[in-house]
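This report walks through one protein chain, from single residues to the whole fold. Please keep the sequence and the model in view while reading.

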Amino acid sequence: MRRLLKLTHPIHLVSGLTIWGIWFVAIYAGLSVACSMAPPEPESDMLTGINLGVGVATLITTALLLWLTWASAAAGRRAEVRRECYFAYISAGMFLFSAGSTLFVGYPIVFLPPCL
């Protein structure tokens with residue numbers, strides 16, 4: 001069976017931060033648009049559809065980045081060439097860092113009122 005994703009390629013050194021950057025821009029742009037188009041009632045606190053959407057997007061992105069972390073580490077263990085092993089393990093670290101960054105930025109967005 002062919003591997004669909006070769007996680008020992010150097011492009012993966014930046015792909016974790018790229019995924020995080022796309023998530024970051026999408027979350028803040030979506031939050032701004034949602035707050036200008038249909039702001040929730042001030043009494044609703046954090047129980048809004050906006051917070052739910054941000055929370056789901058944060059969990060999906062974090063799950064993807066954690067899966068890529070695991071897959072990169074596994075690819076590093078299977079790599080026969082030292083260079084590929086290096087790229088896989090460094091990529092795994094970058095994916096893990098990006099997953100942590102996603103949670104670090106997403107947590108306050110989810111648990112605070114969205115449109116102040």
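Does Tyr89 count as buried, partly exposed or exposed? The model is a predicted one, and in it Tyr89 has a relative accessibility of 38%. Buried means under 20% and exposed means over 50%, so Tyr89 counts as partly exposed.

**Tyr89 and its surroundings**

Tyr89 belongs to helix H3, which covers residues 82–111. Apart from neighbours within four places in sequence, Tyr89 is in contact with Ala73, Gly76 and Arg77. Thr102 is 13 residues away from Tyr89 along the chain, and the C-alpha atoms of the two are separated by 20 Å.

**The chain as a whole**

How many helices and strands does the chain have? There are three helices and zero strands. Read from the N terminus, the order of elements is α-α-α.

The outline of the chain can be described with a box. Taken along the principal axes, the box filled by the C-alpha atoms is roughly 60 × 25 × 20 Å. The radius of gyration of the chain is 18 Å, whereas a compact globule of 116 residues would have one near 13 Å.

Of the 116 residues, 35% count as buried. The chain exposes about 7600 Å², and 73% of this area is supplied by carbon and sulfur atoms. Charged side chains number 7 positive and 5 negative, with the centres of the two sets 29 Å apart.

Contacts can also be sorted by distance along the sequence. Among contacts between residues at least 6 apart in sequence, 81% join residues at least 24 apart.

| Residue | Relative accessibility | Class |
|---|---|---|
| Trp23 | 5% | buried |
| Met46 | 28% | partly exposed |
| Asn51 | 4% | buried |
| Gly100 | 37% | partly exposed |

Trp23 is placed in helix H1. Which residues does Trp23 touch, not counting those up to four places away in sequence? They are Ala57, Thr58, Thr61, Thr102, Val105 and Gly106. One of these, Ala57, is 34 residues from Trp23 in sequence, but the two are 7.9 Å apart in space, C-alpha to C-alpha. Trp23 counts as buried because its relative accessibility is 5%, and the cut-off for buried is under 20%.

Asn51 lies in helix H2, which runs over residues 49–78. With residues up to four places away in sequence left out, Asn51 touches Met46, Ile109, Val110, Phe111, Leu112 and Pro114. Asn51 counts as buried because its relative accessibility is 4%.

Met46, one of the residues touched by Asn51, is found in the loop between H1 and H2. Where does Cys115 lie relative to Met46? The two are 69 residues apart along the chain, and their C-alpha atoms are separated by 9.7 Å. Met46 has a relative accessible area of 28%, so it is partly exposed.

Gly100 is placed in helix H3. Ala79 is 21 residues from Gly100 along the chain, and 26 Å separate their C-alpha atoms. Gly100 is partly exposed because its relative accessibility is 37%.

**Confidence of the prediction**

The mean pLDDT of the chain is 89, and 96% of the residues reach 70 or more. Which helix has the highest confidence, and which the lowest? Helix H1, residues 12–37, is highest with a mean of 94, and H3 is lowest with a mean of 92.

Key: Residues are numbered from 1 along each chain as its sequence is written. This is a predicted model: local features need pLDDT of at least 70, side-chain atom pairs count only at pLDDT 80 or more; totals for chains, interfaces and linings use all residues. Side-chain values use heavy atoms; hydrogens and water are left out. Helices (H or I, at least four residues) and strands (E, at least two) are DSSP runs, numbered from the N terminus. The radius of gyration is taken over C-alpha atoms; the globule rule is 2.2 Å times the number of residues to the power 0.38. Buried means under 20% relative accessible area, exposed over 50%, partly exposed in between (1.4 Å probe, protein chains only). Contact means heavy atoms within 4.5 Å. Accessible areas come from the Shrake-Rupley method with a 1.4 Å probe; for residues, only the protein chains shown count as cover. Lys and Arg count as positive and Asp and Glu as negative; His and the chain ends are not counted. The place of a charge is taken as NZ of Lys, CZ of Arg, CG of Asp or CD of Glu. pLDDT is the predictor's confidence in each residue, from 0 to 100.
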